[in-house]
Amino acid sequence: MLTLRQLIASLPQSPTPILDVSLGDILAFIKFSCVAKPAIQQSMQDVCHPPASLPPAVSQLLAGVLALDVNMIQNCWTTLRSTVWHHDEVTLSAIDVKCYNAHGRSHGIAYGDLYPPTRVCLSPDCPNFRSNNDVSTLSDPVTHKATRFTLRAGVLPIHTTSTYCRKCLRRYHHNYIVQKSSSSRTYYCGVLDVIQVATHFFIDTAVLELFANAKVFGWLSSMNCARIYNTALGNIDAYIVNNRLAFGAVVHQYGEKVELWPCSLQMRDEDVLNGFFIYSLLLDKAERQSQLVLSHDSQHRVRIDAALIPRNKEMEGIGQEAYPHACDKCFVVVEDNSGCKMKIQVAVCDGNTIGHPCCAVHDCKKPLDSHRLRFCSDHQHLGEICAVDGCNSPCASGCFTCDHAEHRQLELAYYKPTKALFQLRARLKKAGVSIPTDSMSGSEDTETVEESLIMRPCGVILARATFYGSEAVSAVNDFAKAVFPTPQSTPEYFIFDNNCKLRAHQEAIRDTHFSQTGFPVDVFHFNSKHKETDLYCQRHCNPAAFPDLLENGKWRFNTSICEQTNVWLGGYQAILRSMSVHRYNFYLDEMIKRRNRYIISELEKSGHNPWTIPIDSSAG
């Protein structure tokens with residue numbers, strides 16, 4: 001922060017033209033010159049000391065902003081350049097941003113312009129590598145126009161510049177380095193304040209963090225995030241412009257001006273979604289102290305998906321960061337009759353009907369090439385065979401069944417409700433009633449997978465699994481073994497609404513992995529779905545048969561936590577159904593990770609003390 005003493009010390013002792021400039025203009029000159037420093041530095045090789053004179057474009061910008069002639073601007077720079085050069089970064093007000101851009105854009109300068117975070121090559125084996133950033137070894141700058149979406153300054157038309165290392169043939173962009181020989185883009189370590197989400201579009205990290213939390217706690221789609229930004233954040237005067245009647249006397253001063261800019265100033269839903277994926281990947285790499293590397297030549301969607309696949313694999317089983325969590329709501333230590341201490345740790349499992357479209361072949365896990373298809377590429381030929389089980393005749397033209405009369409009647413009966421719905425929609429449209437897009441999307445004949453969760457009773461989700469039509473209890477058994485891969489990691493109690501069938505399945509296949517685990521059914525499902533005459537269920541899965549689950553006549557753990565969490569999970573059904581399988585899995589895992597962090601922080605605030613539970617190194 002500039003002090004009055006520093007300002008006075010920077011002024012010359014002998015009379016100069018700058019002494020006739022008002023104090024307000026001097027302070028404004030310092031402020032706007034500080035903002036223009038990145039543009040000034042681009043024309044310099046050594047930035048240790050300020051240049052003797054300003055670049056012509058910057059002089060013209062400052063002259064326009066301050067309403068001073070260019071000569072006076074140069075006089076101010078000669079006098080105050082040392083003060084400006086060593087001054088901290090400055091944040092402009094909304095009015096200052098408009099003024100700066102109005103005079104700077106015609107000179108190729110704008111508030112919020114982006115440059116590479118380095119002036120030297122970062123490759124240690126390159127001759128252009130330097131240990132400090134003062135003297136530039138990069139050259140050949142390339143600048144193009146772009147749009148930047150900020151949290152506090154609204155949407156900004158900006159310029160983004162990249163530089164080049166002629167020795168190792170790397171081009172340095174704001175977010176990443178492009179290696180010419182390998183056609184790869186390597187992102188810088190950590191997470192920058194601004195993230196490139198498309199060729200000409202950048203979103204501030206603060207905005208992406210806001211969107212991520214809106215998705216976790218508000219189930220907001222990317223489209224609705226974009227709409228909120230464009231309506232409420234894109235214009236810093238939105239609260240006035242959006243309420244014209246309330247601010248009628250002054251609203252004309254804040255009307256949105258149409259910018260002659262080649263890049264759209266409206267945020268798009270694809271920008272939000274791409275930004276979410278890239279931001280989440282960068283956070284993950286930063287947490288692991290590694291760097292994100294993507295293909296440079298492939299399409300944006302393809303390069304993102306290629307990075308999602310290995311991350312999704314890492315999240316399976318014990319991959320969630322909250323996997324080792326334990327607190328006094330899900331992990332207790334009690335004494336038995338002999339005074340020996342023993343732990344009681346509980347896991348709860350349940351399924352959810354949300355899911356993504358999948359191949360119609362039972363238990364096929366290969367992703368569909370398109371959500372409009374019924375079969376994956378390996379089973380596409382089955383689309384030409386009659387859909388009726390056991391019939392291998394070819395389909396009739398335009399149908400899913402063959403010419404057999406009974407099979408045609410089955411298909412007609414199956415689609416009759418859909419046709420009736422189509423007719424009702426047509427009548428609504430004829431009557432002038434609009435129909436929500438969401439109500440018309442989706443394919444009624446597409447197979448979908450289901451999701452299953454394993455949780456702690458405190459609300460922390462340990463893992464999520466996708467079931468591709470496998471027999472329920474066998475799939476749950478495999479899922480549970482993936483989450484608790486060693487006997488030492490198994491919980492004392494595993495709560496599941498169909499535990500009687502699960503336990504019987506384990507006995508039938510002689511699976512002793514959970515031999516030290518009790519399998520009670522939660523109270524609600526046991527009373528409503530399990531018959532008193534089922535002696536096997538009563539003997540092995542009646543929750544009342546497990547006294548450790550009781551404390552002072554009340555249930556010690558919340559065994560219905562999955563039912564409650566499924567309400568939250570179900571809010572993503574409309575958002576997820578149009579995603580590819582890789583994006584679907586990554587999106588859900590990220591939502592769970594962020595929700596877990598919130599749950600744990602709330603537990604700690606409420607005094608539910610966490611335990612330190614090490615992960616078994618043999619768990620994989």
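Colleague: Where is the place of Asn312?
Modeller: In this predicted model, Asn312 belongs to helix H11, which covers residues 300-315.

Colleague: Does Asn312 count as buried or exposed?
Modeller: Asn312 counts as buried because its relative accessibility is 8%, and buried means under 20%.

Colleague: What is Asn312 in contact with, leaving aside its neighbours within four places in sequence?
Modeller: The contacts of Asn312 are then His582, Asn585, Phe586 and Asp589. Phe586 is 274 residues from Asn312 along the chain, but the C-alpha atoms of the two are separated by 5.8 Å.

Colleague: And which backbone oxygen lies 3.0 Å from a polar atom of the Asn312 side chain?
Modeller: That oxygen belongs to His582.

Colleague: Why does Asn242 count as partly exposed?
Modeller: Its relative accessibility is 42%.

Colleague: Which residues does Asn242 contact, leaving aside its neighbours within four places in sequence?
Modeller: Those are Thr231 and Ala232. The side chain of Asn242 reaches the backbone oxygen of Thr231 at 2.9 Å. Along the chain, Asn242 and Thr231 are eleven residues apart, and their C-alpha atoms are separated by 7.9 Å.

Colleague: Switching to rings. How many aromatic pairs are there?
Modeller: The count comes to 18 aromatic pairs. One of them is Phe149 with Phe201, a stacked pair with 6.4 Å centre to centre and 10 degrees between the planes. The pair links distant parts of the chain, with Phe149 in strand S1 (residues 139-149) and Phe201 in strand S7 (residues 201-204), 52 residues apart.

Colleague: Are Phe149 and Phe201 buried or exposed?
Modeller: Phe149 is buried, because its relative accessible area is 0%. Phe201 is buried too, with a relative accessible area of 8%.

Colleague: What about Phe467 and Phe479?
Modeller: Phe467 and Phe479 form an edge-to-face pair, 6.2 Å centre to centre with 85 degrees between the planes. This pair also links distant parts of the chain: Phe467 sits in strand S14 (residues 461-467) and Phe479 in helix H13 (residues 472-483), twelve residues apart. Phe467 and Phe479 are both buried.

Colleague: Which residues do ring pairs link into a cluster?
Modeller: The cluster consists of Phe276, Phe277, Trp568, Tyr572, Phe586 and Tyr587. Phe586 is also in contact with Asn312.

Colleague: Which charged end sits over the ring of Phe276?
Modeller: That of Lys215, at 5.9 Å from the ring centre. In another case, the charged end of Arg105 sits over the ring of Trp261, 5.7 Å from its centre.

Colleague: On to strands. How many bridges join strand S4 to strand S5?
Modeller: Four bridges join S4 (residues 176-179) to S5 (residues 184-187), and the two strands run antiparallel. In this pairing, Gln179 has Ser184 of S5 as its bridge partner. The hairpin has four residues between the strands, and Ser183 takes a positive phi near 50 degrees there.

Colleague: What is the bridge partner of Ser184 in S8?
Modeller: Ser184 has Ser295 as its partner in S8. S5 pairs with strand S8 (residues 293-295) over three bridges, in the antiparallel sense.

Colleague: Now helix H14. Which residues of H14 are buried?
Modeller: H14 covers residues 499-508, and its buried residues are Asn499, Cys500, Leu502, His505 and Gln506.

Colleague: What do the buried residues of H14 pack against?
Modeller: They pack against H13, strand S15 (493-496) and helix H16 (535-541). H13 is also the helix that holds Phe479. After H14 comes Arg510, with a positive phi near 60 degrees.

Colleague: Last topic, the whole protein. How many helices and strands?
Modeller: The protein has 19 helices and 17 strands. It has 620 residues, of which 46% count as buried.

Methods. Residues numbered from 1 in each chain as written. Predicted model: local features only at pLDDT ≥ 70, side-chain atom pairs only at ≥ 80, totals over all residues. Heavy atoms only, no water. Buried < 20%, exposed > 50% of the residue type's maximum accessible area, 1.4 Å probe, protein only. Contact = heavy atoms within 4.5 Å. Polar contact = N/O pair within 3.5 Å; in protein donor to acceptor, adjacent residues only side chain to side chain. Phe/Tyr/Trp six-rings, centres within 6.5 Å; stacked < 30°, edge-to-face > 60°. Lys NZ or Arg CZ within 6 Å of the ring centre and 35° of its normal. Pairing = 2+ DSSP bridges.
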